[in-house]
Amino acid sequence: MGEFMYEREVTPSGVAVEMIYGADEKSAKVWKLFAMQIFSEAEGDYREIAHLENGAPMLDGIPQRISVSHTSHCLVVASLQKTPDIDLSSVNPRTALGIDLEKSDRAQVLKIRDKFLSDSERVLLPEIAEIEKATEEDVNQYILAWTCKEALYKADMGMATDWKEDYRIVALPQVASDMQSATSDKFGKGAIKTADGEMNMLLSSWEFEGHVVTLAFSGKIAKYQPTQSQSQSQYQS
């Protein structure tokens, strides 16, 4: 037997985020299957996650932009209002949305920092001469940068070709203690290079169950009403 926790909340930026976590004794593969099933049934009607031709996730048959991220025991799904007037297969400021989460202590990120960070972005982060001497705070900052890049990539649905230059961190967000504390005074800034020019993005980050969660979104997105309340339930399996 294992216990799952499900939460649904609207961020201060107006994006709905659903989170499933727990049941640590299950294998990562089994846990993910159960977590996806919980997500599919959580809103009352069954919701199946499908994918566009470019691989971006969507709710099957529903004109609603979503973004998904998971680790071994945590799943998050961010979603916007239904936007039937917009082609969800193309990048548009009204539907530019990406979410990513990563364990805050995953030090392996330091070994690949040159692969995903440009020179201008490295200036925003602590300088590390020797990985072995990196502090916990150093690791946390590079994890934050990684989630920012991943969230920008997902917001653009992976359309750009150069991860270092086409997805740009302009200013790192401050990591809030929880989702509702990730208010506009803590937002960072990013930019996505598109065929039509550069699209400015906002970055919002918070801590959750030993993870850093980062949301990338356009200031022009279709927003939920901020009055929607959090719901939480438990699932036994």
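In which sense do strands β1 and β2 pair, and over how many bridges? The pairing is antiparallel, with 7 bridges between β1 (residues 3-10) and β2. This comes from a predicted model.

A16, E18, I20 and G22 point one way. V17, M19 and Y21 point the other way. Both sets are buried.

β2 pairs with β1 and also with strand β6 (residues 74-82). The β2 and β6 strands run antiparallel and are joined by 6 bridges. One residue pair can be named for each pairing. F4 has G22 of β2 as its bridge partner. V17 stands opposite A78 in β6.

| Strand pair | Sense | Bridges |
|---|---|---|
| β1 and β2 | antiparallel | 7 bridges |
| β2 and β6 | antiparallel | 6 bridges |

**The hairpin loop**

β1 and β2 form a hairpin with 5 residues between the strands. G14 takes a positive phi there, near 90°. T11 also lies in the loop between β1 and β2.

Is T11 buried or exposed? T11 has 3% relative accessibility, and the cut-off for buried is under 20%, so T11 counts as buried. Leaving aside residues up to four places away in sequence, T11 touches V17, M179, Q180, W206 and L215. V17 is a residue of β2 that is itself buried. T11 is also 9.0 Å from S181, C-alpha to C-alpha, although the two are 170 residues apart in sequence.

**The whole protein**

The secondary structure comprises 5 helices and 13 strands. The radius of gyration is 17 Å, close to the 18 Å that the globule rule gives for 237 residues, so the protein is as compact as a globular protein of that length. The C-alpha trace spans about 50 × 45 × 35 Å along its principal axes.

Of the 237 residues, 49% are buried. Among contacts with a separation of 6 or more, 61% join residues 24 or more positions apart. The protein exposes about 11,500 Å². Carbon and sulfur atoms supply 47% of that area.

How many positive and negative charges does the protein have? There are 24 positive and 37 negative charges. Their mean positions are 3 Å apart.

Conventions: Residues are numbered from 1 along each chain as its sequence is written. This is a predicted model: local features need pLDDT of at least 70, side-chain atom pairs count only at pLDDT 80 or more; totals for chains, interfaces and linings use all residues. Side-chain values use heavy atoms; hydrogens and water are left out. Buried means under 20% relative accessible area, exposed over 50%, partly exposed in between (1.4 Å probe, protein chains only). Helices (H or I, at least four residues) and strands (E, at least two) are DSSP runs, numbered from the N terminus. Two strands pair if DSSP finds at least two bridges between them. Contact means heavy atoms within 4.5 Å. The radius of gyration is taken over C-alpha atoms; the globule rule is 2.2 Å times the number of residues to the power 0.38. Accessible areas come from the Shrake-Rupley method with a 1.4 Å probe; for residues, only the protein chains shown count as cover. Lys and Arg count as positive and Asp and Glu as negative; His and the chain ends are not counted. The place of a charge is taken as NZ of Lys, CZ of Arg, CG of Asp or CD of Glu.
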